[in-house]
Each structure stands twice: as C-alpha cells, then as structure tokens.
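Here is a short briefing for a first look at the model below.

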Number of protein chains: 2
Amino acid sequence: MSLLKDKKRGGEEKCPHPKKSGLFSLTSSVHKSYHIGFVRRVMCNGTSEDSLFSVPLEHLCPPLQSVVQVNFFCDYEESKGNYLVDVDGNCMLDVYTQITSIPIGYNHPALTKVMTDPKNMGTFVNRPALGMMPPEQFFEKLVNGLMAVGPKGFSRVQTMACGSCSNENANKAIFIWYRVRAGPWISGVLLFFFQVPGCPDLTLLSFMGGFHGRTLGHCNALLFSQTCSLLTGPSPPFPQLRYPLDQFERENAQEEACCLEEAEDLIVKWNQKGRHVVGVVIEPIQAEGGDNHASFDFYRKLRGITKKHGCAFLVNEVQTGGGSTGKFWAHKHWGLDDPADIVSFSKKMLTGGYYQKDGFQPDKVVAGSMCGTFISTFLPYFLSLLLSSSLLSSSSSSPSLLSSFFSSSSGSSTRGLETTLRTCC
Amino acid sequence: MSLLKDKKRGGEEKCPHPKKSGLFSLTSSVHKSYHIGFVRRVMCNGTSEDSLFSVPLEHLCPPLQSVVQVNFFCDYEESKGNYLVDVDGNCMLDVYTQITSIPIGYNHPALTKVMTDPKNMGTFVNRPALGMMPPEQFFEKLVNGLMAVGPKGFSRVQTMACGSCSNENANKAIFIWYRVRAGPWISGVLLFFFQVPGCPDLTLLSFMGGFHGRTLGHCNALLFSQTCSLLTGPSPPFPQLRYPLDQFERENAQEEACCLEEAEDLIVKWNQKGRHVVGVVIEPIQAEGGDNHASFDFYRKLRGITKKHGCAFLVNEVQTGGGSTGKFWAHKHWGLDDPADIVSFSKKMLTGGYYQKDGFQPDKVVAGSMCGTFISTFLPYFLSLLLSSSLLSSSSSSPSLLSSFFSSSSGSSTRGLETTLRTCC
C-alpha cells in the first residue's frame, strides 16, 4: 500500500524540486508578531508554493478521510532542529512547528534519550489512567514539570490531554465554581438530567476572533470559522489596532476603550436577561482568528472589569504559553499581581492542562484527569533544557540552545528568521 | 520530592500487605456482563479493600490537583500481561485495564519492540499535526490499522485524540450533515458568530444512563453524574431488563417496546417544537451509567426508528469496540446490514476516531484531524497480534495470545477470571 514509495521508485510524478537543488526558505504570514508562522516554500526560481506533493493527493487519503488541509508529507526521521524535511528530501526552515507544538525542534537528542531509556518504557507502552492509578513518579513529574514553571499565584494544576479539552474543562470548572457560590448545589452533586441545571443556563464572554478549541463546548467567536458550538454568549469586538503603534496612540486608546465598554455593557445585559456571564475567556494574543494584539493596558482594564462583575478570568495560553513571547507566560507582560483565575495550556507544554486557584477545584471529581502520559514524561527534560539555556534571553550574544543544536546553516537568507525564532519561539 | 520513596525507605507507614504475603485476587463489580470490571484487593485474611496507600493520600497530590478518584499508585515497569503491580509490590489480576484502555496487557513484548525501534523514533519524539503535515506512512497506517478492522459498510475514518472528542466531533459531523441537507449552508461555510446557526438549535437523543464523554458538548443523560453539558435534548429511559432473561421474556419485551415508543414520541415532539432531533446516540452496552444491556432486537428496532425519522445513528463503541464482546465491534451482534451511520471508538483501539459513511464527510475542514500519533503507531502491531491469535475465539481449547503471554499462574482461584478475560476482553 505504499503508493508514495512506488511513485518515487518509478520516477513518475517527478518532484520538480529534487533534494538540495533549490533554495528552500520560508516566508511568514505573520507581519506584526512572532508567535505563529506559516510554512511556505520559496523555489530557486523565485516562485513560491504553499502546498507541494510528489504524488497526486487523490491517490492518498481522500478515500479514507478529509485531506483538504494537508500541506505536504513529512519525513520526521530526517527532520532536525528547526529544519523540517519533506518526503522528497526538501529541507525547510520551519517556524510553523506543528501549529506551535514543537518547543525545542525536531528530534532533539535529549528527548530521543528519554524515549530510549528503558526506565521509561513502562510508562510509554502502558496507558496509565492518571486520575485513578497514577505511576509512582507522577507527583514528582507534576512538581518538577508543570509546577516548576507555573504562573505565580497558582498552586494547583489539572492535567488534560489537549488544548481543546483544557479550555473545555476550564469552562466547566468556572460553571461549577459559580454554581457552588450561587446554589443550588445538591449535596455536592450537580444533578444532571440532560436539562438545567446539569445543562447550565450560564455563559461566558469571548471576544470576536477568539479561538479556544474545536470541541462543541468552546466559546469561539470566529467569523467564517467552519466549526460550530453549543455555547451562545456575548461577543464584543476585539481591538483592531493601527500600526505603527507610536503614530496611532490616541486612536488605539480610543479603540480599546470602546471594546472594553462594550464588553462591560454585554456582561450587564446578559446578566439582566438571566444568562449569567460567569467568566471571561481571552488569549493574550489572538492566534487563530487573525493575528491580533491589544495593549497590556487593555488586559489590565479587562481584568478589572471581571473583578467588578464577579466573572472568572480564564487566560488561554495554549498558543502563547511555553516561552514564545519572550516570557514563559504571555500574561506576565501585563505586570499584574492577580492576572487570572485560570490559565490553560497545551502545545509547547507537551501536555494539556490548566492552572487554577484553589476556589476552582471542585470538591468532587468533575473534570477527570486526562493527560498525555507519554508526552508528559518529556516535560521535565524539556523544561530543564529550556530554563538552563538562554532561549528566553533577548540578548543576541548569549549562547542559544537552538543555535548550538543547528548542524547546518541555510545561508544568510535564513539567518534573520533563525534569530527571530531563537529569541521568540 | 519523593515522599513515597522516603516513606518506604524509612519504614514509616509500613504497608500492611508486604509483597507476596497475601493472596491478591480480584472481585468484579460486573455481575451480568463482561466488558468492564473493578479492581479490588482481597487480603489473605478474607477482608477486602478498594483503595490502599503506603503513604497517606494527603501527602501526595492534593495540594496540586484533585485525587478523590485515585485508587492506588502503580508500578508500570513491573506490571505484566493482565497483572498490575502496585508501588508496594502487590500483584493483582486486573480486568479493569485502565478503564478498558489496555488491549493486550501490560508491557507486551511486541509493543516494547515497536517503542524501541529506531525507525519509529522520529514519529514518537516529534508531534506531527496529522491533518496538515502527516508522515509518509500515515496512509499505510490507516489502511493497515483502522481500515483493516473497520465495520462493514464504512469506507471513511476520521482519527481523533480520545473518546470524548471522538463522540464530540461525531456529533458535530451529524449537525453539519443535517445542515447541509436542510440549509441554509452559506457557500459551504457554516457562518459562526457565537449565535445560531453557528450555535445550532439542533439536538440529539440519548437514552438515560448513556455516557458519551466528559466534555461540554456530549449528550450524556446520567443521573447523579458529577458533570455538566451544554446540550439539552430528549432522553427516553433505557430498558431495565430482568434476569434471568429466559424467565422474563414477556416482561422484557414489553419493557423494550415501551422505551422504543417513548424514544419515537420524543423525536416527534422535539421536532414539532423546532429543536430537531438530528441524531440518536447509543452505546451497544451502557458502560458508565450502570452496566445495562438491551436485546439485539431492541437495537434493530431503534435503528428502524432512526431511518423512519431521518436521524443519523451514532453507535458509541468507545468502551465496547476492539473485541471485548467476542466480536470486534459489539454492534455486529445485531446482525444488521446497515447498523449505523457513524461508529466512534477509542480506548482499546489505541487512538480515538470514528468511522463514517461518505455523506457525513464535510466538504470543508470542520473536525480537524486529531490523533495520538504515538499510540497509533502501535495500532497495526496490536491488530496483527489480535487477529492472528484466537483472542476472539470462543473455543476454550484454542491457544490464546494472553494465556501464552502469562508467565505466572495465580492458582486455581484466578483461573476462572483468566478464562473470562481471555474470551471476553
């Protein structure tokens, strides 16, 4: 069933870009930020393509599943560091990093060592139900891994499997936190019968363009997103800033003030009509519904609004967490003593989950403890590497974990991107 | 931070059951079925305990996360086959199998071999975004893995990460399938703005006691479940059969007829009030809200009702799939030519996902392709072992993969359970 191999052997559908014949570089669709890019191959003749196949796509997966988003097929054995190699042997500098899920590059030797360590085999080949039968080392892994880099002020962490379920269960924790305060809470049990209150008449506020996962209980507010949700709620506009920032200070301040005013108005209105806004959910940088930024002051004021109206504040750091903004958590830029009630994470953190304040821990099992056991084994090693290196240093003269890991250079045309990646991702 | 180790070394909190000092056996809470059990330790003095710790629980994880469901801590390196070893060295026959997620026992040599094969390292340590940048072998893995055991009549499979998101995205596929047929579908894009139609006014029918995951978009109807959902919908009673079956044939037939009648009435009523029941979701055996069975005839008639009213029929095989009922898919027992529109799976299948008919494949990306890359690498090997063995054979004289894997026998008291496990799990 190896169509791809057969095609390559037979020389049919010859790749127009044989190995190392062209300059394969990268252009980024990110024009004013640093946290997510888009892989594009720039050919030696100056043309570019977003999607290349050595075999017609319809010969591969379409009979089995949707492939409309497939860009190309990769050779993950040959990929190294920041360089992604496709099945034709083309080598590309990659700042897309599997939708920001590769924290320290492909096939990092330290991670390979963890993988081949016989001591870890029992955890890898078995599938511990961590919430019920954790391995002996689980507590240590939490302490040395997630809690070692936990945002200040958070003493609890709930592991989950992915970004979507991290946000979903954080939403659920907020609903239950509100219910416990507001009642009725029937002897610690949320009576559930496919109706209210099991199906809560509560809601969350999410800004337009926000993205918090692809399951049904999220609170995205994406225009033209091809997904659907069961959660209806208020959705004020997210600030649309004008650039360069120093030339539009007055306009941008006004824009942010308008958005905050509308957010507060919507909280009041939805509360009045009986659909209580029990939480506000936001990304420190909108990373899917556009590449949208707001000032740190905007977030500080929004945090104030959540406190004023008794809303929980969930900061979704699935895409921004793990060091990609120059600080380990993007919300640290805001400089607040009490920046959030819950902080969700996934992707570069190698496991999903959320940090929460004590009050958001239900007294009974609600969320279930889900975690990528396999990948969480890596986490302490990754964090050790990250924290002992100068990856988060802004000094270009500092030695860099990633630069020392590079075994090849793609020439001056890619050096700028390497620097960007080194200091920002 | 190794509290557990320190305690053991210091001899404090001495385990009352030192290694091999007692007969550690198993009693099951499953009284009339075979698909899920509950681990219990029976001590040499005849007493039993569900939960044992060598260190007080509050010294471990509670400061970090909820542990109210933790039964005990395991030594996954020492566990083998069907025998689970805890951190005190106690060895137990385990039919709970990590909530039915271990298909062929702990530390199976074939899976360990896959794990240590250098060829697989690139897939393991990197995290391919399968929906966008799959590895070269992905198609082969789908064909040799999931499609090799796909239910008859299903030509498409969508991989997902876990059981919850498999059911969630199957629900979403049903909503979109219905919208496409009913309109309005705006040029292939489901306009989504935190409101209808992005937040659809559609619903699904799920029987009381049904369980389909712990995310917010599921359609559980569990009494006293400590969870919550955003999906409201009809929930008819599931048959409560009386046993022994041959003594209550008339009563059970009447019970099932009543449940079917109520299900059909509810579909009509919810449709009339504008909340269209676009799908019916059911487990072949209710496996969380009780251990509840219905006759194959009940399922055949229910399938007829879904066809009559144009509802999609989603069969949730997350807990029953993978051979645990004596057939690879539990719904095969029904003997129908067209048993379902979508079949979801996870757990013993080592990756989540769902099989679907062609009509349920959206023309645009909706679900996203999520899959446990790491674990899906195991799948073809597991299936090869399963299919080449007589694990699904009911003949007790056949050689068994699991029995041949047992390196030790726990004596006659456990042989009955081994046989049960061998033929049923």
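In chain A, strand β7 (residues 277-282) runs parallel to strand β8 (residues 312-316), and 4 bridges join them. Strands are DSSP runs of E with at least two residues, helices are runs of H or I with at least four, and both are numbered from the N terminus. Two strands count as paired if DSSP finds at least two bridges between them. This is a predicted model, in which local features need pLDDT of at least 70, side-chain atom pairs count only at pLDDT 80 or more, and totals for chains, interfaces and linings use all residues. Residues are numbered from 1 along each chain as its sequence is written, chains are lettered from A and ligands numbered from 1 in the order in which they are written, and side-chain values use heavy atoms, with hydrogens and water left out.

**Sheet of chain A**
- A:Gly279 has A:Ala312 in β8(A) as its bridge partner.
- Helix α8 (residues 296-308) of chain A packs on the sheet, where it touches β7 and β8 of chain A (contact means heavy atoms within 4.5 Å).
- The direction of helix α8 of chain A makes about 165° with that of β7(A); axes are lines fitted to C-alpha atoms, for helices over the stretch in contact, and angles run from 0 to 180 degrees between N-to-C directions.
- The open sheet has 6 strands in the order β5-β10-β9-β8-β7-β6 (chain A), and its pairing is mixed.
- β5 (156-160) and β6 (203-206) of chain A each have a single partner strand, so one side of each lacks a neighbour in the sheet.

**Sheet of chain B**
- An open sheet of 6 strands in chain B has the order β5-β10-β9-β8-β7-β6, with mixed pairing.
- Its edge strands, β5 (156-160) and β6 (203-206) of chain B, pair on one side only.
- B:Gly279 stands opposite B:Ala312 in β8(B).

- A:Glu256 lies in helix α7 (residues 249-272) of chain A.
- A:Glu256 is buried (under 20% relative accessible area, with a 1.4 Å probe and protein chains only).
- Not counting residues up to four places away in sequence, A:Glu256 touches A:Pro239, A:Leu241, A:Ala294, A:Ser295 and A:Phe298.
- B:Gln272 is in helix α7 (residues 249-272) of chain B.
- B:Gln272 counts as exposed (over 50%) because its relative accessibility is 66%.

Definitions and conventions: Lys, Arg positive; Asp, Glu negative; His and termini not counted. Salt bridge = Lys/Arg side-chain N within 4 Å of Asp/Glu carboxyl O.
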